[in-house]
Amino acid sequence: MSEERQKPARHRALDYHEFPLPGKLEIRATKPMANGRDLSRAYSPGVAEACNEIVLDPANAARYTTRGNLVAVVSNGSAVLGLGNIGPLASKPVMEGKAVLFKKFANINCFDIEINESDPEKLADIVASLEPTFGAINLEDIKAPDCFVVEKLCREKMNIPVFHDDQHGTAIVVGAATTNALFVANKKFEDVKVVSTGGGAAGIACLNMLVKLGVKRENIWLCDLDGLVYQGRQSQMTEQKAAFAQATDLRTLDQVIENADLFLGLSGPGVLTPDMVKKMASQPIIFALANPTPEIMPEQVREVAPDAIMATGRSDFPNQVNNVLCFPFIFRGALDVGATEINDAMQIGCVEGIAALARASTSAEAAAAYEGENLTFGANYLIPKPFDPRLLETVAGAVAEAAMATGVATRPLDDIKAYKEFLNRSVFKSAFIMRPVFEAARQAERRIIFAEGEDERILRTAQAMLEERTGQPILIGRPDVVNDRCSKFGLWVKPGSDFELINPEQDDRFYDYWNSYHELMQRRGVTPDLAKAIMRTNTTAIAAVAVHRGDADSLICGTFGEFLWHLNYVTQILGNKKRRPLGALSLMLIENGPLFIADTHVFPEPTPEDIAQITIAAARHVRRFGLEPKIALCSQSQFGNMQSASGKTMRGAIEILDANPQDFSYEGEMPVDVALSPELRQRIFPNSRLKEPANVLIFSNADSASAARNMLKMCANGLEVGPILMGMENKSHIVTPSITARGLLNTSALAGTPVQNYG
């Protein structure tokens, strides 16, 4: 076991906060600050222009400053997590963490502000004075009933959204979980009896949300440390609790729990007992949300009510009620339309979006982040996981729509569909550049066969293709395995009805397929028996024969095994004098933009002729993405200054390219830094034909190209699209074992586009 793993959890958490730099936040500049010109624009005198525009129209602050994407997380530390009133300074790690979540999940900039003020009215005055700085305020960890006062006063004084997440964030996620729990239990809001423990900010907000969703107020029974909240009670009462007071002689939780459909706990450990659970209605819904120890442990519930639907606030049990499902996305939608408040309609939109997402099939990205968990909608999966990337588009989109519909949006959107697509692109880095490819694939309706059809990533890709309408998937796999895995992963697709399945163990086409393969390979040592064996066991060969026979238009393989092994069978079956591999092209999406790398896989030591063909093919494929190719032939040699093997190869390739007119920009040979820096290139070689940064790098051998590709992936957080197998007329693509389901979907779109112009 590593030294790090041997440390107690407490020490690992402290190390996380201390190293390599203290805290969890830093500020980064978004504009260059490299010279006097930049300084004059960022500060004096250029900054005055932005100031004057804001004087003319305050709404311009969202154009010329970060205010439109800046949230304050504000706390006085009076009710921090399960720690209580620890004060503003000790609350700072929590508030920093909240700021990190805003950035991670919704790309919202955030300052944490800890205020040393316990008087709620004075605290509200301080928060209200911050309005010029921020686009929205997230109140956090302020004790009840002070939190109600602070939020009310701030909302009255401020013209930007003010949202107390402990109240409304919890209520929204509870609302979504309750929506789906009732769906599973086949019950309705208007019919259920709710018993709740905890009259604090979160508890009251949850009850108010349930009323908005349809629960009858007379069916809600609220208990606290003094027992049932009833009409006429004087002890520990607040205005908020009084709204749920019952006219009854009952006084205890044990008395009112009888026939309850839903228990909602936001109190403390051990409040609900197994004997109480026995008294509840059939298939009881129990949300025990106290942290870290719930009101009752799930195993205790199971012993007395095996059919119960359970949620907690903990990540080690199913159905964690976690505010991170809500607050980043509700603020994202509110900020993007310049909302003046977060109203009921926006909160309900958030509830409905979260609930609907759980009922949909699980995203591949969420499944990968929570490997080993069953993320199929049902009693143990009522709400999506925080790392489900679809939350941003679904929830923020619903919030923005609700804000516009209710008239609180000061910057309404012209096209909500385009806005949701923008949100989707911000999550999936490949979405924008792949857009023209997907559009072309939707028009073509090509049949794409996947060699490794039992792989989870392939199954998710097949479903995504049908949802995106980017092609007709054909899978190779055993029916029982494919069916079981579709069910296990919560996918709605079924073989035979939604996609075609080729069973390598027993398929009516077996005779035709092995005969076709034998006919192709009989003079290359393949006997009939060997052809039969290959068509039973080699799914790449089966897929290639399917394309050869016209049963499919393109194949995708390579989710396991070596690239060249797959390439051997693809070339044997689909290659000819006109159609042959011309290299593999990888599109790397990095912070500075797209960068193509070739040849990463096909030619270990390409000749000048190979390099010239790779270059011409790469130019064709780059244009598929709506980009104009600017190609650099890379070597350690710099425009003839070295007689190295790579330099000679690249110079030979340049001569071949120069022999015929080319319709794209290219130059070489040069090092990578010269290829990417026009300024450096101008100093070294002023007469270069390439005037801009190269967006395609061609390397002199596969080792160099592969190293560049992997370094961009690992060191620059680059996302790969591809590799794209060039020269095969789009009839085959070989991916790598590290590919994700999103990467496979991108590859399927590439395989699904017309082939006339892209060899």
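I take contact to mean heavy atoms within 4.5 Å. The model is predicted: local features need pLDDT of at least 70, side-chain atom pairs count only at pLDDT 80 or more, and totals for chains, interfaces and linings use all residues. Residues are numbered from 1 along each chain as its sequence is written, and side-chain values use heavy atoms, with hydrogens and water left out.

**Entry 1: Thr747**

I looked up which residues Thr747 touches, not counting residues up to four places away in sequence. I found Ile556, Gly722, His733, Val735 and Ile739. Thr747 belongs to helix H32 (residues 741–751); helices (H or I, at least four residues) and strands (E, at least two) are DSSP runs, numbered from the N terminus. With a relative accessibility of 1%, Thr747 counts as buried. I use buried for under 20% relative accessible area, exposed for over 50% and partly exposed for what lies in between (1.4 Å probe, protein chains only).

**Entry 2: Gln231**

Is Gln231 buried or exposed? I noted a relative accessible area of 52%, so Gln231 is exposed. I located Gln231 in the loop between strand S7 (227–228) and helix H11 (239–242). Apart from neighbours within four places in sequence, Gln231 is in contact with Ala245, Gln246 and Ala247. I also noted 7.7 Å between the C-alpha atoms of Gln231 and Thr248, which are 17 residues apart along the chain.

**Entry 3: salt bridges**

I looked up how many salt bridges the structure holds, and the count is 37. A salt bridge here is a side-chain nitrogen of Lys or Arg within 4 Å of a carboxyl oxygen of Asp or Glu.

I began with Glu140 and Lys98, whose closest N and O atoms are 2.4 Å apart in a salt bridge. Glu140 sits in the loop between strand S3 (136–139) and helix H8 (146–157), and Lys98 in helix H6 (residues 87–106), so this pair ties together parts that are 42 residues apart in sequence. Both Glu140 and Lys98 are buried.

I then turned to Arg447 and Asp553, which form a salt bridge at 3.2 Å, N to O. Because Arg447 lies in strand S11 (residues 447–450) and Asp553 in the loop between helix H25 (539–548) and strand S14 (554–557), the pair ties together parts that are 106 residues apart in sequence. Arg447 is partly exposed, at 27% relative accessibility. I also recorded one network, in which salt bridges that share partners join Lys92, Asp112 and Glu114.

**Entry 4: helices H16 and H18**

I examined helix H16 (residues 344–359) and helix H18 (residues 390–405), whose axes come within 8 Å and cross at roughly 150 degrees. Axes are lines fitted to C-alpha atoms, for helices over the stretch in contact, and angles run from 0 to 180 degrees between N-to-C directions. H16 is therefore roughly antiparallel to H18, a term for angles over 145 degrees. Residues making the contact include Gly349 and Gly353 of H16 and Ala398 and Ala402 of H18. Arg390, one of the H18 residues in this contact, also forms a salt bridge with Asp388 (2.8 Å, N to O). Asp388 is buried, with a relative accessible area of 2%.

**Entry 5: helix H27**

Buried residues in H27 include Ile611, Ile614, Ala618 and Val622. Among the elements covering the buried residues of H27, I noted strand S15 (583–590), strand S17 (630–634) and helix H28 (645–658).

How values were computed: Angles under 35 degrees count as roughly parallel, over 145 as roughly antiparallel, 65 to 115 as roughly perpendicular and the rest as oblique.
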